[in-house]
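Hi there,

Here is the structure I promised to pass on to you. Have a look at it first, and then read on for what turned up in it.

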Amino acid sequence: MRRAVHEGFSGRATTAYHTLQERHAAHFVRHIFDSPDNWDAHVRRSTASIVLSVVYGWPPIDATADPLVEKITGIIHRLAHATLPGTHLVDLMPIMTYIPDGMAKWKREAKAHYHQDSQFFEDLFNDA
């Protein structure tokens, strides 16, 4: 996996993405000009679109309210919140890791999100 990532994203390999980046930048600028008040949504759409294009070979996403963009944004927000130090009590008391799932809501939710997100990314991979 490490070798594949290095081959696909090394300094020399990234020059192949210039035209793709230019196309996405043009879409981004067009959306900003059309509705500058929604710049945050345009940044989220553009970021998701670039990643999906580079990693999975998708065409640019043109709709700001695309359900796929919303799904990816939700995953990113959830991961960012979960990785903040001290978000969960288990960060302060690691012994809580051994509490059974039935008694730990945070553990059940984390496992459910893990399975949902894994299925989501596996589906993207299989479609590619």
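A nonpolar core is a set of buried Ala, Val, Leu, Ile, Met, Phe, Trp, Tyr and Cys residues joined through side-chain atoms within 4.5 Å. Please keep in mind that this is a predicted model.

With that in hand, let's start on the inside. The largest nonpolar core has 10 residues: Ala 48, Leu 52, Tyr 56, Ile 61, Leu 68, Val 69, Ile 72, Ile 75, Phe 120 and Leu 124. Two or more residues of this core come from each of α3 (39–56), α4 (67–82) and α6 (105–127). Of the elements, α4 gives the most, with four residues. You can follow one set of contacts yourself: leaving aside residues up to four places away in sequence, Ala 48 touches Val 69 and Ile 72.

Next, take a look at α6. Which residues are buried in α6? They are Lys 107, Asp 117, Phe 120 and Leu 124. The cover over the buried residues of α6 includes α3 and α4.

Finally, turn to the outside. Leu 89, Leu 92, Met 93, Ile 95 and Tyr 98 make a nonpolar surface patch of about 630 Å². Leu 92 belongs to helix α5 (residues 89–92). Is Leu 92 buried or exposed? Leu 92 counts as exposed because its relative accessibility is 63%, and exposed means over 50%.

Enjoy exploring!

Best wishes

How values were computed. Residues are numbered from 1 along each chain as its sequence is written. This is a predicted model: local features need pLDDT of at least 70, side-chain atom pairs count only at pLDDT 80 or more; totals for chains, interfaces and linings use all residues. Side-chain values use heavy atoms; hydrogens and water are left out. Patches are made of residues with over 30% relative accessible area and no salt bridge: like charges are joined within 9 Å, nonpolar side chains (Val, Leu, Ile, Met, Phe, Trp, Tyr) within 5 Å. Accessible areas come from the Shrake-Rupley method with a 1.4 Å probe; for residues, only the protein chains shown count as cover. A salt bridge is a side-chain nitrogen of Lys or Arg within 4 Å of a carboxyl oxygen of Asp or Glu. Buried means under 20% relative accessible area, exposed over 50%, partly exposed in between (1.4 Å probe, protein chains only). Contact means heavy atoms within 4.5 Å.
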